[in-house]
Amino acid sequence: VLRSLCYVEIKTHDTGLLHPVEYRPGVWRPSDELVGAVAQSQKTVQLAVEHLSTVFQLPIEAPHRGGEQFFNYVPRAVVVCGTLAQFVEAGGTHVPKFSSFELYRRSLQSPDIVTFDELHDRASAIVEAGLAERETQVETRGGLDEKPVHQPDPYNLRLSAAVDARS
């Protein structure tokens, strides 16, 4: 299995994504916290590329992935910050604010900006897909009344307990 390093800068769910005051009519600039997180992330990646080799091997005695190699070729970076709920008002989505945010984050080559609610939705989708795949594997082996045969989980999720509970 090939693994690459990824650097993550995490703010809080209530960190503002945009400056509270409109910059020009219909235009909002990113918040100071978001701009700072992007700059920090970019600097972290630059320093990692300068100071780490392109192939990084964990010591054998490392607790979880001892001895495995990780690669540091143009590593990915992610900023996790705020929520999309900041763009929802009584009448629906505040489109000029949301478009200002989307235009900013889509213009960045790196890092990716992901909000906490987007991260939650992605993680939930991965878990649900893993559960659905596991259920399909159990059903194709003769029904839910049989104990599932232990197979490596391709998603590294610990889902066997959920399937066992249905057996």
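Predicted model: local features only at pLDDT ≥ 70, side-chain atom pairs only at ≥ 80, totals over all residues.

I began with burial: of the 167 residues of the chain, 28% count as buried, buried being under 20% relative accessible area, exposed over 50% and partly exposed in between, with a 1.4 Å probe and protein chains only. Residues are numbered from 1 along each chain as its sequence is written, and side-chain values use heavy atoms, with hydrogens and water left out.

**Layout.** I found four helices and six strands, in the order β-α-β-β-β-β-α-β-α-α from the N terminus. These are DSSP runs numbered from the N terminus, helices being H or I of at least four residues and strands E of at least two.

**Core.** Next I asked which residues make up the largest nonpolar core. There are twelve: L17, L18, W28, L34, A37, V38, V79, C81, F87, F101, Y104 and I113. Such a core is a set of buried Ala, Val, Leu, Ile, Met, Phe, Trp, Tyr and Cys residues joined through side-chain atoms within 4.5 Å. Helix 1 (32-51) and helix 2 each give two or more residues to this core, and helix 1 has the largest share, with three. I also checked A37, which touches E9, K11 and V79, leaving aside residues up to four places away in sequence; contact here means heavy atoms within 4.5 Å. A second, separate core has six residues, among them L5, A48, F70 and A77.

Most residues other than glycine have a negative phi, and most peptide bonds are trans. I therefore noted two spots, guided by that general rule. The peptide bond from S110 to P111 is cis, with omega near 5°, and P111 sits in the loop between helix 2 (95-107) and strand 6 (112-114). V74, in strand 3 (residues 69-80), has a positive phi near 40°. Is V74 buried or exposed? V74 is exposed, with a relative accessible area of 76%.

**Pocket.** Last, I looked at the lining of the largest pocket, which has 15 residues, with V78, D112, I113, V114 and R122 nearest its centre. A pocket is an open set of points on a 1 Å grid over the protein atoms alone, where a 1.4 Å probe fits, with protein on both sides within 12 Å along at least five of seven lines; lining residues have an atom within 4 Å of a point. Helix 3 gives the most to this lining, five residues.
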